[in-house]
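Me: I have a structure open and would like to talk through a few parts of it. Can you take my questions as they come?

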Amino acid sequence: MHGVRRARQTQEAIAAQKLKEKEKLQEYLSLTNDVLHRKKTNDFTQEALALTTRLLTANPEFYSIWNYRRDILTEGIFPQTSAKDVNDILLAELSLTMSFLRSHPKVYWIWNHRRWCLEHVPDDQGQQTIAWKQENWSKELYAVEKMLDADARNFHAWNYRRYVQASMPGKYSDADELKYTTKKIESNFSNFSAWHQRTKVLSSLWETGTLDMAASKDEEFELVKQALYVDPYDQSSWIYHRWLIGKGEDEGILKREIQVIEELSEVEPDCKWCLESLCHYKRLLLASFTHNEDQRIALVDACQSLLSRLQSIDPYRRNRYLELGEF
Amino acid sequence: MTSELLIPLHVKYIQSLDNHKDDLAYHLTTHLRINGIYWGLTSLCIMGHQDALPREEMIDFVMSCWDEKAGAFGPHPDHDAHLLSTLSAIQILATQKALDRIDVKRVTDFLLSLQTASGVFAGDRFGETDTRFTYCAVNALSLLGQLGKLEGDRKERAIEHIKQCRNFDGGFGSSVGAESHAGQIFVCVAALAILDRLEEVDVPTLAWWLSERQLPNGGLNGRPEKLEDVCYSFWVLSAMAILDKVTWIDAEKLTSFILSAQDTEGGGIADRPGDMVDVFHTHFGVAGLSLLGYPGLEDLDPVYCMPAKLIEEMGLRKQWTALERRKLP
């Protein structure tokens, strides 16, 4: 149970509640018994299908009933149905599950059933199959955007979005996905799910040469800098910044970004993320770009002083800073 | 606000869970029944009250969840077999020292049949895949003494898939491309631990990310900029224990947070203070406290999420470090 407030009820209130529930409970139990009996005896009729709809409406987490429903469709219904009608049935399944998702956006079994529907569009109808798939998958992308509008961090929806993009005919372009993540980030800089998605999309765009990595990285540093200035206490953009820096292969970028953060740190002296990032990036400099002993000593000193400051302003992670100080 | 773990109250709460047959909510959660029993039993073991639930009745119930067609366990009689319920069944039987009741050959075949070409496991015959299911299969095979069957190419593919789910932040997601999430990190790190392949983990980066899950109120969240929740006490801490980094968060603050989520009248632990309790959060709260060295508790093995003594007796213990158990005042 997540986020349901605890209310202390009197014995009378509990008894009244149970009485009210009694009829509902009896109905649920007899429906469950009926459906499970039919399941056991391989009843693959329309009537059984309708009963699974009722039961799943009462309890969309009852995954064995979703399983049974799929068996009814493939064993009992589809064999005597035209390809077009099969596609229509699957579309109806998709709208049914959409209504369930609105009230249960995090139930794995509902998301699963959608995948199953999309994967069971009749495959042997040539052009018609392609048209159906195109239409169904585009609708799906729209549906998942609605889900992400309602909760921009729902990881079921993000995973599903990636799955839809990978599966739809005429592959969805990474460039379009980059725009989508920009939109999500601009509406809320704190949306780490969108920043994460951006790391995946940009990696792919750089790898395929669709985007020039150096120029694109500079734009990303600009974007994340805005986010850092809007709220330097939000982790999301700092973690993204760390992805952009990576192992710190580019000395110029590393030094430039250290300077950017030092400026921010002057304005926000108590912001632990500034200090923590500075320490991490200076350690990267230390590992790869110390050209003489004086520089080395200066960097170690700088890191030590950052770490000791971090120990006092971020005491929960004190032991981590102590360990990092063992050069 | 209370500063200690109310063990007798939680034991009573867990014992009472099966007395709600006239509640609709009880019947709406049958798909989680066997998992619920595993959570209840394991937390009782950690609180030193393994015998608070009747052993024979529990074993009989588990056996009544056997799905003859699939050759594995469902969560409740007449429900379909799934990896999630099969692992819980095996964990319960192992804890009750009743693994001899299992048809090991059939269950092993079921587990192995669910590995897909990419290496990840499906949850059942309908093919949903998730790194959670790889952990379930690896853990179950190990408890059954059948891990040797996941050999050569099978083992390498399972590991390769987990590696592909690793992100730049050191964490792991549920599938390739998915965002890091503390729950998925537990399953991936623990699976790698069982498979003796922890070198695939980027320890400094992951331990950094995990330590940043602790919020000012002491609780842990599961992803950046999300709310704290008692269950992450286990997901985050288990991975930290396996990486020997539990000290990277403030144990005292987390302990207080977990304790503050107790229902001091009815027993049980909630996701956060003031919310409704359930056996899932009770278990993961107690599990977290055990790893934090809370006095009077038994050790929990963070890899298998079972009593550590039992895992040791079975010869399955992997390397991990929890905080030293504090003495009762």
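Reply: What follows goes through helix packing, the nonpolar core and some salt bridges in this predicted model.

Me: Start with helix 4 and helix 6 of chain A. At what angle do their axes cross?

Reply: They cross at roughly 0 degrees, and the axes come within 12 Å. Angles under 35 degrees count as roughly parallel, so helix 4 and helix 6 of chain A are roughly parallel to each other.

Me: Which residues of helix 4 of chain A make the contact?

Reply: Ala83(A), Lys84(A), Asn87(A), Leu91(A), Leu94(A), Met98(A) and Leu101(A). On the helix 6 side, the residues include Trp132(A), Glu140(A) and Met147(A).

Me: And by class, how many are nonpolar, polar and charged?

Reply: The contact has 8 nonpolar, 2 polar and 3 charged residues.

Me: New topic. How many residues are in the largest nonpolar core?

Reply: It has 210 residues. Those with the most contacts inside it are Trp195(A), Phe172(B), Leu210(B), Phe234(B) and Trp235(B). Helix 9 of chain B, residues 182–194, gives the largest share of this core, with 11 residues.

Me: What does Trp195(A) touch?

Reply: Leaving out residues up to four places away in sequence, its contacts include Ile185(A), Phe189(A), Leu223(A), Val224(A) and Tyr240(A). Ser236(A) and Ser237(A) are also among them.

Me: OK, salt bridges. How many are there over all chains?

Reply: A search of the whole structure finds 56. One of them joins Lys272(A) and Asp314(A), with the closest N and O atoms 3.1 Å apart. Lys272(A) is in helix 13 of chain A, while Asp314(A) is in the loop between helix 14 and helix 15, and the two are 42 residues apart.

Me: Are Lys272(A) and Asp314(A) buried or exposed?

Reply: Buried means under 20% relative accessible area. Lys272(A) is at 10%, so it is buried. Asp314(A) is at 6%, so it counts as buried too.

Me: Which chain B residue does Glu323(A) form a salt bridge with?

Reply: Lys245(B), with the closest N and O atoms 3.5 Å apart. This pair crosses between chains, from helix 15 of chain A to the loop between helix 11 and helix 12 of chain B. Glu323(A) is partly exposed, at 32%, whereas Lys245(B) is buried, at 14%.

Me: Last one. Which residues are joined into one network by salt bridges that share partners?

Reply: Glu156(B), Glu160(B), Lys163(B), Arg197(B), Glu199(B) and Glu200(B).

Notes:
Residues numbered from 1 in each chain as written. Chains lettered and ligands numbered in written order. Predicted model: local features only at pLDDT ≥ 70, side-chain atom pairs only at ≥ 80, totals over all residues. Heavy atoms only, no water. Axes fitted to C-alpha atoms, helices over the stretch in contact; angles between N-to-C directions. Helix = DSSP H or I, 4+ residues; strand = E, 2+ residues; numbered from the N terminus. Parallel < 35°, antiparallel > 145°, perpendicular 65-115°, else oblique. Contact = heavy atoms within 4.5 Å. Nonpolar A, V, L, I, M, F, W, Y, C, P; charged D, E, K, R; others polar. Core = buried A, V, L, I, M, F, W, Y, C linked by side-chain atoms within 4.5 Å. Buried < 20%, exposed > 50% of the residue type's maximum accessible area, 1.4 Å probe, protein only. Salt bridge = Lys/Arg side-chain N within 4 Å of Asp/Glu carboxyl O.
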